[in-house]
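Student: I have a model open and want to learn how to read it. Where do we begin?

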Amino acid sequence: MSSEVLFKVLIIGDALVGKTSFVQKYVHGNPRREYKPTIGVDFALKVIRWSDDMTVRLQLWDIAGQERFTSMTRVYYKGAAACVIMFDLTSPHTFYSTIRWKQDLDSKCTLPGGRTIPCILAGNKSDLTSRPVPKETIDKICKEHSFLGWTEMSVKDDSNVSESMEYLIKELVQNHLAELDQTDGDGDGSVDRGGFIQLTNPKAQTERRLCC
């Protein structure tokens, strides 16, 4: 019998890093052309036929950058299964803000057993040449704060958008199946995985790294 599973995924980070465009590109195939700041939270749903016997429904919560660290984030985070924290590769300020976003997330949202939810660190605007934040610094922050991994992406060029989400879904499905098998999930690799995770872009037929 075919099963259907729903995952709530948070998209958080400072304003102007491209969160809404990321969601629009992933769900509808077209990024938002004009900038309209998100007020509070926006929602989007992506339905994926993951396998012959499983359909995945992703409920994406696009949380406004202005909401960071307010009391409302606890309400928004409730029931989340995973998270993408985004920053602008050309803006060091938005990168260092991801540390506080992750700390806020971890203090308010955990899985059964107290584990932090799987979280990817995504640097948007890789199509631009300016990269003031060294990759070594991103690696260090990623490991210190137990991100699942990090990736560079370009919503504008559709680079690593669906690939990053596909990797995150694999993690969610793995954790879901482990729960069904009544395992405790320890050591399942959902946190502090280490090494490099390869993302394949079928359009370019090249591999990109989601690393940490």
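**Cysteines, a helix and a pocket**

Tutor: Start with Cys119: its closest cysteine sulfur is in Cys83, 3.9 Å away, which is too far for a bond. A disulfide here is a pair of cysteine sulfur atoms within 2.5 Å. This is a predicted model, where local features need pLDDT of at least 70, side-chain atom pairs count only at pLDDT 80 or more, and totals for chains, interfaces and linings use all residues. Residues are numbered from 1 along each chain as its sequence is written, and side-chain values use heavy atoms, with hydrogens and water left out.

Student: Is Cys83 buried or exposed?

Tutor: Buried means under 20% relative accessible area, exposed over 50%, and partly exposed in between (1.4 Å probe, protein chains only). Cys83 counts as buried because its relative accessibility is 0%. Cys119 is at 1%, so Cys119 is buried too.

Student: What is the span of helix H3?

Tutor: Helices are DSSP runs (H or I, at least four residues), strands likewise (E, at least two), numbered from the N terminus. The expected span of a helix is 1.5 Å times one less than its number of residues. H3 covers residues 92-108, 17 residues in total. From first C-alpha to last it reaches 25 Å, close to the expected 24 Å.

Student: Which residues of H3 are buried?

Tutor: First, the general idea. An α-helix has 3.6 residues a turn, so residues three or four places apart point the same way. In H3, the buried residues include Thr94, Phe95, Thr98, Trp101, Lys102 and Leu105.

Student: What do the buried residues of H3 pack against?

Tutor: Contact means heavy atoms within 4.5 Å. The partners are strands E1 (3-13), E4 (82-88) and E5 (119-124), plus helices H2 and H4 (135-144).

Student: Which residues does Arg74 touch?

Tutor: Arg74 sits in H2, residues 72-77. Leaving out residues up to four places away in sequence, Arg74 touches Ser107 and Lys108. Arg74 is partly exposed because its relative accessibility is 47%. Arg74 and Cys109 lie 35 residues apart in sequence, yet their C-alpha atoms are 7.6 Å apart.

Student: By class, what lines the second largest pocket?

Tutor: Ala, Val, Leu, Ile, Met, Phe, Trp, Tyr, Cys and Pro count as nonpolar, Asp, Glu, Lys and Arg as charged, and the others, Gly among them, as polar. The lining has seven nonpolar, two polar and one charged residues.
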